[in-house]
Structures are given as structure tokens and as C-alpha cells.
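Biologist: I have a structure open and want to learn how to read it. Can we go through it feature by feature?

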Amino acid sequence: MTLLSTAQHLARDTRRNPRAHLVPIILSAVIAAGAITLVAYLLWPTYTTAPPSDPSRLPVSVGGTLFNVPTLAVRMKIQRHSGPQERVDLDFLYPSLEAPAAPKHYSAETIEDKVQPIDRIFVSIAAHHNSLAPEIRLRTIYPRYLEAAATTDDGLTTRAFRDGSPYAGEDLVIAGEPALAARCTRDATTPGMCLSERRIEGADLTFRFPRSWLAQWRDIANAMDRLSAQMHSAKG
């Protein structure tokens with residue numbers, strides 16, 4: 001009887017004040033939220049994580065061949081990631097062969113009028129997809145378009161390509177020890193540039209450097225050998 005009378009009393013109170021039963025629920029929710037906030041605050045880690053920096057070298061696969069290239073040497077930001085790539089373009093300071101620092105930003109007030117000398121060697125690594133190998137092109141294709149006359153200076157032999165050939169306006173320079181083979185444009189309104197290629201497994205490496213560097217051709221030949229070995233070594 002007592003339970004029945006209590007229920008009837010609460011029912012009458014609820015009818016007189018319909019919102020009376022919401023007060024305990026709201027108070028309980030506020031207390032629960034405060035407790036959760038306190039626990040989360042006590043358990044939340046107080047340390048901060050530093051953003052990861054780029055590794056000094058990137059492992060990239062070009063034509064199924066693994067290369068380890070310096071991150072700062074990669075010229076295009078879109079290529080600055082590890083994993084398979086179709087092509088990677090790099091440049092290295094010469095003669096140190098170190099990766100260059102971040103490029104400076106110039107304005108109209110700070111840029112100099114005079115032409116800055118080229119102080120770096122450019123390298124492109126690209127999948128060859130079974131195209132004609134550079135050494136085969138050197139033996140079978142280039143001789144068809146070369147002039148008969150040749151000049152030799154300090155162990156470096158130079159022969160001009162014939163006018164009207166696909167390589168008109170260029171010279172082929174060859175040396176034996178250390179080995180060097182390059183096609184070079186001639187100095188004109190712009191300085192002449194040389195292009196030297198070599199194949200490593202599924203990729204072709206193309207080196208570009210000023211023709212004027214041929215005055216020390218042994219140094220540049222050794223530099224290309226060193227860069228090839230550094231980027232594609234058995235130890236990575």
C-alpha cells in the first residue's frame with residue numbers, strides 16, 4: 001500500500017510539474033561529463049612529436065633497378081619520394097659531387113646581370129625499356145654520321161658529326177683510360193654542353209656538363225664513375 005501511494009504521489013507531482021524529473025538527469029549528465037573530462041586530461045600525453053625530416057638519401061627504383069640518391073640532389077619536388085619511378089632528375093656540385101643546398105630566392109634588386117658559371121653536373125636516371133644501349137649506339141650508329149677527320153689532344157679524340165646528320169653541330173669525344181664517351185655541342189651564343197650516357201641494368205644514366213670541363217676530362221670521367229657507384233652500390 002505504501003509503494004502504491006508513493007507512486008501515486010509522484011504521478012501527481014509529475015502532472016503538476018512535468019519538468020521536475022529532468023533535473024536529476026541533467027545533473028547526472030553534467031557530473032559524468034566532468035568526470036570524463038578530468039580522466040581525459042590526466043591521461044592525455046604531455047609530450048609533443050616533432051615533424052619527421054626527410055632522410056638524407058632516398059631509395060628509388062627506376063626500371064626495376066635500385067638507386068640511393070641524395071634527397072637534396074633531386075631537382076623536382078614531385079620526384080622527391082622513395083619507391084618506383086619512371087625517371088629521376090638530379091644535380092651535384094662539381095667537383096665536390098655533394099648535393100646542392102636549397103636554391104636561393106632572387107629579386108629584381110638582388111639578381112646579378114652577369115651570367116653565373118655552371119658549377120654542377122646534371123644526372124637523369126630513366127628506365128630504358130630495352131631501347132638501344134649507349135655502347136651499342138656508340139659502335140654502330142654514331143660512326144655512320146661522323147666526319148673522317150679526327151683530332152687528338154691529351155688522350156681525348158674528337159670527331160665532328162657531318163652537316164645534315166641527326167647530330168649536326170655536335171662533336172663526339174672519346175677517351176680510353178679512364179673511359180669517356182660524350183656528344184658535345186659547340187660553343188656559340190651559349191656555352192657548349194656535353195652528354196654522356198651509361199646503362200645500369202634496367203636504367204640509363206645521362207650526365208650533362210659544360211664542354212669547357214673537357215680540359216680536365218679525366219676528372220670528369222672519374223666523377224661520373226664515382227656518382228654511378230655511389231647511387232648504385234651493392235650496400236645501398
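Biologist: Which residues of helix 3 are buried?

Modeller: Helix 3 covers residues 134–141, and its buried residues are Pro134, Arg137 and Ile141. They span an arc of only 70° around the axis, which places them on the same side of helix 3. Here is the general idea. An α-helix has 3.6 residues a turn, so residues three or four places apart point the same way.

Biologist: What about helix 4: which of its residues are buried?

Modeller: They are Trp217, Ile220, Ala221, Ala223, Met224, Leu227, Ser228 and Met231. Their arc is only 160° around the axis, which puts them on the same side of helix 4.

Biologist: Now disulfides. How many does the structure hold?

Modeller: It holds one disulfide. The bond joins Cys184 to Cys194, with 2.0 Å from S to S. Cys184 lies in strand 9 (residues 180–185) and Cys194 in strand 10 (residues 193–200), so the pair ties together parts that are 10 residues apart in sequence.

Biologist: Is this disulfide left-handed or right-handed?

Modeller: Look at the torsion about the S-S bond. For Cys184 and Cys194 it is about 110°, so the disulfide is right-handed.

Biologist: Are the two cysteines buried or exposed?

Modeller: Cys184 has a relative accessible area of 0%, so Cys184 is buried. Cys194 also counts as buried, at 2% relative accessibility.

Biologist: Which side chain makes a polar contact with the side chain of Asp171?

Modeller: That of Arg186, at 2.9 Å. Asp171 sits in strand 8 (residues 170–175). With a relative accessible area of 7%, Asp171 is buried. Leaving aside neighbours within four places in sequence, its contacts include Thr158, Phe161, Cys184 and Arg211.

Biologist: Which peptide bonds are cis?

Modeller: One runs from Tyr94 to Pro95, with omega near 15°. Pro95 is in the loop between strand 4 (87–93) and strand 5 (120–127). Another joins Glu177 and Pro178, where omega is about -5°. Pro178 is in the loop between strand 8 and strand 9.

Biologist: Where do I find a positive phi in a residue other than glycine?

Modeller: Leu97 is one case, with phi about 65°. Leu97 is in the loop between strand 4 and strand 5, and it is buried, with a relative accessible area of 7%. Asn130 is another case, with phi near 65°. Asn130 is in the loop between strand 5 and helix 3. At 72% relative accessibility, Asn130 counts as exposed.

Biologist: How much confidence does the prediction carry?

Modeller: Check pLDDT. The mean for the protein is 83, and 70% of its residues reach 70 or more. Over residues 46–52 the pLDDT is below 50. Beyond near neighbours in sequence, that stretch has zero contacts in the model. Where pLDDT is low, the predicted coordinates should not be read in detail.

Conventions:
Residues numbered from 1 in each chain as written. Predicted model: local features only at pLDDT ≥ 70, side-chain atom pairs only at ≥ 80, totals over all residues. Heavy atoms only, no water. Buried < 20%, exposed > 50% of the residue type's maximum accessible area, 1.4 Å probe, protein only. Helix = DSSP H or I, 4+ residues; strand = E, 2+ residues; numbered from the N terminus. Arc of directions from axis to C-beta. pLDDT = per-residue confidence, 0-100. Contact = heavy atoms within 4.5 Å. Disulfide = S-S within 2.5 Å. Polar contact = N/O pair within 3.5 Å; in protein donor to acceptor, adjacent residues only side chain to side chain.
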